[in-house]
Amino acid sequence: MNKHTALQEYTRYVSLNVAAMLGLSLYILADTFFVAQGVGSDGLAALNLAVPLYNIMHGTGLMLGMGGATKFTLLASQGKHRDANRMFTAAVQATVCAAVFFFLLGALGAPGLTRLLGGEGHVGQLTCTYLRVLLMFSPVFLFNDLMICFVRNDGAPRRAMAATLTGCLMNILLDYVFIFPLGMGMFGAVLATGCSPILGLIIQSGHWLGGKAGFHLQKTSPRPAELGFIGALGFPSFLSEACSGVVMILFNTILLQVEGSIGVAAYGVVANLALVVTAMFTGIAQGTQPLLSQACGQRDADRVGFFLRCAIATALALSALVIACTLLFADPIALAFNSEGSARLQALARQGLHLYFFSAPFVGLCILLSLFFTATDRPRPSHIIALLRGFFLVAPVTLVLARLFGLTGVWLSVPAAEALTALIGFMLYLRQPKPRALPPR
């Protein structure tokens, strides 16, 4: 293995994907900033109540995209191009079904979802508006997620990054125009968010319409086995996003009881910054995934280990930077979203920023290990990590620490749960057999 060439390949894929995922998360952060400035703390609380549904929708798109693209890459690297194209076709068919479901959920079920998430009064009205419009844009969100994964794995990470970043820049511009000059408030914020993936799809279309794509639709009926492969490999990506939604719903519920809507607004500052941090770790993992899948398909254990070590080193360096920034700049960060100058919101957000982001190194390791198992066609340990992060550890740890230490325990629950999950994930990694070299022809 030529380590210099492998490092160049790793740097290219990871840097482009981190930039793309950072841009993807920034349009949620832009929503948070512009809503805080233009709508106030009620708008910030409403946005935080609605974001878990975005997590679930985005997680569904990533599940179909990551699962389908991973299996596509494994098959294509073995020369099984017809089977690889069947996987792409099955992923498209499943995305159509998911898009119809989320669209109808938004059109018919937004008020019920709002009540379920705890939205009441003026905050509830704003939440309902955001959810209805967001979910009715689900077809473009889901297909954008799907095609980004396939375009990236098809050897065009630069185009995938350009599509993502261009869409995000348009969202930020439209956020400002719709909320301030046009005075459209919460509806303007979500309309800007819904428009951004449309531009992303237009930019990506140059890859598959221009004859450059290695993936093509085939005339075939859906097969349960193919959908099973996609679901098995993509489910950890869904759970990774869904766990963020579960944590937000749990925190929102506790903070509504303890601090009211001002507590939810303060958590909105922390949670939306956490989305950006998680997106950067996801970018590292997704950038490494095609390289790991190719190396695994060729049974090159040296390259698999090299790429994993590079990814872990990158994630740990990023974690140190995140912790330093949230310790040193908590007040300016909180103040940027505190347009009404609330002393209580400022104090709560400062405390959250100081404590919550000690989770950063453990979040990075969990995401990397989960994507490593998926990329190397071993979904079961990836499922275990995702389930521990999303359901089996974070909820009980949060409830116990909140009872013992109050609000401080709430902020520390995510670092504690992610640390336990990272330890279990590392133990699962040590028990996995390493890929063996292909026999000589």
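Predicted model: local features only at pLDDT ≥ 70, side-chain atom pairs only at ≥ 80, totals over all residues.
User: Which residues line the second largest pocket, and which helix gives the most?

Analyst: The lining consists of L273, V276, V277, M280, L318, L321, V322, C325, T326 and I333. Helix α10 gives the most, with 5 residues. Both α9 (261–297) and α10 (301–328) supply at least two residues each. The space in this pocket is about 170 Å³.

User: How do I read the spacing of residues along a helix?

Analyst: An α-helix has 3.6 residues a turn, so residues three or four places apart point the same way.

User: Where does helix α8 bend?

Analyst: Helix α8 (residues 224–258) bends by about 45 degrees at G234. A proline, P236, follows within four residues. After α8 comes G260, with a positive phi near 75 degrees.

User: How many aromatic pairs are there in the whole structure?

Analyst: A search finds 19. One of them is F72 with F150, edge-to-face at 5.7 Å centre to centre and 65 degrees between the planes. F72 lies in helix α2 (residues 41–77) and F150 in helix α5 (residues 138–153), so the pair ties together parts 78 residues apart in sequence.

User: Are F72 and F150 buried or exposed?

Analyst: F72 counts as buried at 4% relative accessibility, and F150 counts as buried at 0%.

Key:
Residues numbered from 1 in each chain as written. Heavy atoms only, no water. 1 Å grid on protein atoms, 1.4 Å probe; cavity = no way out; pocket = protein on both sides within 12 Å on 5 of 7 lines; lining within 4 Å. Points joined across faces, edges and corners; volume = space filled by probe spheres on them. Bend = angle between axes of the 7 residues up to and from the residue. Phe/Tyr/Trp six-rings, centres within 6.5 Å; stacked < 30°, edge-to-face > 60°. Buried < 20%, exposed > 50% of the residue type's maximum accessible area, 1.4 Å probe, protein only.
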